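Here is a short briefing to read alongside the model. Please have the sequence and the 3D view open as you go through the points.

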Amino acid sequence: MKMIIAIVQDKFIDELINRFQDEGIYVTKISTSGGFFKSGNSTLLLGCEEDMLQQINTIFEEVTETEEQHNEMGDFNVSGATVFVIDVEESLRI
């Protein structure tokens, strides 16, 4: 089993959650803040079996996109989502 932790720009959250729900994928949203540009973001938590990773990754790729940001420090590419995949030894629903 895998745990996916994804830090996502807020503007992509609603569409991502809708897509995951349409596919029967459970997701938990945690409101978070921070980041390089202090822009709004949320953290999504997803638990899945390994064979679902590609499907979930495809949804992230279809919904989010990297954007170019400009400020007084220069030009930067900001990802729409930063995704971490972690092995889970055990999962319990209580």
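## A residue to start from: Val83

Val83 counts as partly exposed because its relative accessibility is 36%, where partly exposed lies between buried (under 20% relative accessible area) and exposed (over 50%), using a 1.4 Å probe and protein chains only. This is a predicted model, in which local features need pLDDT of at least 70 and side-chain atom pairs count only at pLDDT 80 or more, while totals for chains, interfaces and linings use all residues. Residues are numbered from 1 along each chain as its sequence is written, and side-chain values use heavy atoms, with hydrogens and water left out.

**More on Val83**

- Val83 sits in strand 6; strands (E, at least two residues) and helices (H or I, at least four) are DSSP runs numbered from the N terminus.
- Setting aside residues up to four places away in sequence, Val83 touches Ile4, Ile5, Ala6 and Phe60, with contact meaning heavy atoms within 4.5 Å.
- Val83 and Glu67 are 16 residues apart along the chain, and their C-alpha atoms are separated by 16 Å.

**The chain as a whole**

- The chain has two helices and six strands, and along the sequence they follow the pattern β-α-β-β-α-β-β-β.
- Along its principal axes, the C-alpha trace spans about 50 × 20 × 20 Å.
- Of the 94 residues in the chain, 27% are buried.
- Among contacts with a separation of 6 or more, 67% are between residues 24 or more positions apart.
- The accessible surface of the chain is about 6,500 Å², and carbon and sulfur atoms account for 47% of this surface; the areas come from the Shrake-Rupley method with a 1.4 Å probe, and for residues only the protein chains shown count as cover.
- The chain carries 6 positive and 18 negative charges, whose mean positions are 6 Å apart. Here Lys and Arg count as positive and Asp and Glu as negative, with His and the chain ends not counted, and each charge is placed at NZ of Lys, CZ of Arg, CG of Asp or CD of Glu.

- Which residues of helix 2 (residues 53–63) are buried? They are Ile56, Ile59, Phe60 and Val63.
- These residues lie on the same side of helix 2 because they cover an arc of only 100° around the axis, the arc being that of the directions from the helix axis to the C-beta atoms.
- On the other side of helix 2, you will find Gln54, Glu61 and Glu62 exposed.
- The cover over the buried residues of helix 2 includes strand 1 (2–9), helix 1 (10–22), strand 3 and strand 6 (81–87).

- Asn41 lies in strand 3 and is buried, with a relative accessible area of 10%.
- The side chain of Asn41 forms a polar contact with the side chain of Thr32 (2.7 Å). A polar contact is a pair of N or O atoms within 3.5 Å; within protein, one must be able to donate a hydrogen and the other to accept it, and residues adjacent in sequence count only if both atoms are side-chain atoms.
- Ser42 belongs to strand 3 (residues 41–48) and counts as buried because its relative accessibility is 2%.
- The side chain of Ser42 has a polar contact with the side chain of Asp10 (2.8 Å).
- Not counting residues up to four places away in sequence, Ser42 touches residues including Ile7, Val8, Asp10, Ile30 and Thr32.
- Leu44 is also in strand 3, and its relative accessibility of 0% makes Leu44 buried.
- Beyond its neighbours within four places in sequence, Leu44 contacts several residues, among them Ile4, Ala6, Leu16, Phe20, Val27 and Phe60.
- Leu44 and Glu72 are 28 residues apart in sequence, with 31 Å between them in space, C-alpha to C-alpha.

**Strand 1: Met3**

- Met3 lies in strand 1 and is partly exposed, given its relative accessible area of 29%.
- Leaving out residues up to four places away in sequence, Met3 touches Leu45, Leu46, Phe84, Val85, Ile86 and Val88.
- Met3 and Asp75 are 72 residues apart in sequence and 33 Å apart in space, C-alpha to C-alpha.
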